[in-house]
Amino acid sequence: YAGPLAYGICQTGCNALVVSCYAAAGFTFGTITAGVGTPAVVVGCNAALGVCMSGCVAAGLAPT
């Protein structure tokens, strides 16, 4: 299995993408709490991060 290294590399990529997504929208990742009034673009960035991180599980379990 590809294991922890592939999983970690994947997560790093996901985090880089979400930071870029937030920055493109004029926000800083890690400074907003989700709730009523959260900008839709931030919710979209968070949703994309969740999908990306889910894919990392598959990457970590994929055979080499």
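The secondary structure of this chain consists of two helices and zero strands. The model is predicted. Helix H1 covers residues 3-24 and helix H2 covers residues 40-61, with a loop between them. The chain has 64 residues, of which 16% count as buried.

**Overall form**

- The radius of gyration of the chain is 14 Å, whereas a compact globule of 64 residues would have one near 11 Å.
- Taken along the principal axes, the box filled by the C-alpha atoms is roughly 45 × 20 × 15 Å.
- The chain exposes about 4100 Å², and 71% of this area is supplied by carbon and sulfur atoms.
- Among contacts between residues at least 6 apart in sequence, 67% join residues at least 24 apart.

**The nonpolar core**

- The largest nonpolar core has seven residues in all: Cys14, Val18, Tyr22, Val42, Cys45, Leu49 and Cys56.
- Each of the helices H1 and H2 supplies at least two residues of this core.
- H2 gives the largest share of the core, with four residues.
- Cys56, one of the core residues, touches Tyr7, Cys10, Gln11 and Cys14 when residues up to four places away in sequence are not counted.

**The aromatic pair**

- A search of the whole structure finds one aromatic pair.
- The pair is formed by Tyr22 and Phe29, whose ring centres are 5.1 Å apart.
- The planes of the Tyr22 and Phe29 rings stand at 85°, so the pair is edge-to-face; the cut-off for that class is an angle over 60 degrees.
- Tyr22 has a relative accessible area of 3%, so this residue is buried; Tyr22 also belongs to the largest nonpolar core.
- Phe29 counts as partly exposed because its relative accessibility is 34%, a value in between the limits of 20% for buried and 50% for exposed.

**Thr38 in the loop**

- Thr38 is found in the loop between helix H1 and helix H2.
- With a relative accessible area of 16%, Thr38 is buried, because the limit for this class is under 20%.
- A polar atom of the Thr38 side chain lies 2.7 Å from the backbone oxygen of Gly35.
- Leaving aside neighbours within four places in sequence, Thr38 is in contact with Ile32, Thr33 and Val43.

**Val41 in helix H2**

- Val41 has its place in helix H2.
- The relative accessible area of Val41 is 41%, so Val41 is partly exposed.
- Not counting residues up to four places away in sequence, Val41 touches Ala25 and Phe27.
- Val41 and Phe29 are twelve residues apart along the chain, and their C-alpha atoms are separated by 12 Å.

**Ala62 after helix H2**

- Ala62 lies in the segment after H2.
- Ala62 has a relative accessible area of 28% and is therefore partly exposed.
- Between the C-alpha atoms of Ala62 and Val41 the separation is 32 Å, and the two residues are 21 residues apart along the chain.

Definitions and conventions
Residues are numbered from 1 along each chain as its sequence is written. This is a predicted model: local features need pLDDT of at least 70, side-chain atom pairs count only at pLDDT 80 or more; totals for chains, interfaces and linings use all residues. Side-chain values use heavy atoms; hydrogens and water are left out. Rings of Phe, Tyr and Trp (its six-membered ring) pair if their centres lie within 6.5 Å; planes under 30 degrees apart count as stacked, over 60 as edge-to-face and the rest as tilted. Buried means under 20% relative accessible area, exposed over 50%, partly exposed in between (1.4 Å probe, protein chains only). A polar contact is a pair of N or O atoms within 3.5 Å; within protein, one must be able to donate a hydrogen and the other to accept it, and residues adjacent in sequence count only if both atoms are side-chain atoms. Contact means heavy atoms within 4.5 Å. A nonpolar core is a set of buried Ala, Val, Leu, Ile, Met, Phe, Trp, Tyr and Cys residues joined through side-chain atoms within 4.5 Å. The radius of gyration is taken over C-alpha atoms; the globule rule is 2.2 Å times the number of residues to the power 0.38. Accessible areas come from the Shrake-Rupley method with a 1.4 Å probe; for residues, only the protein chains shown count as cover.
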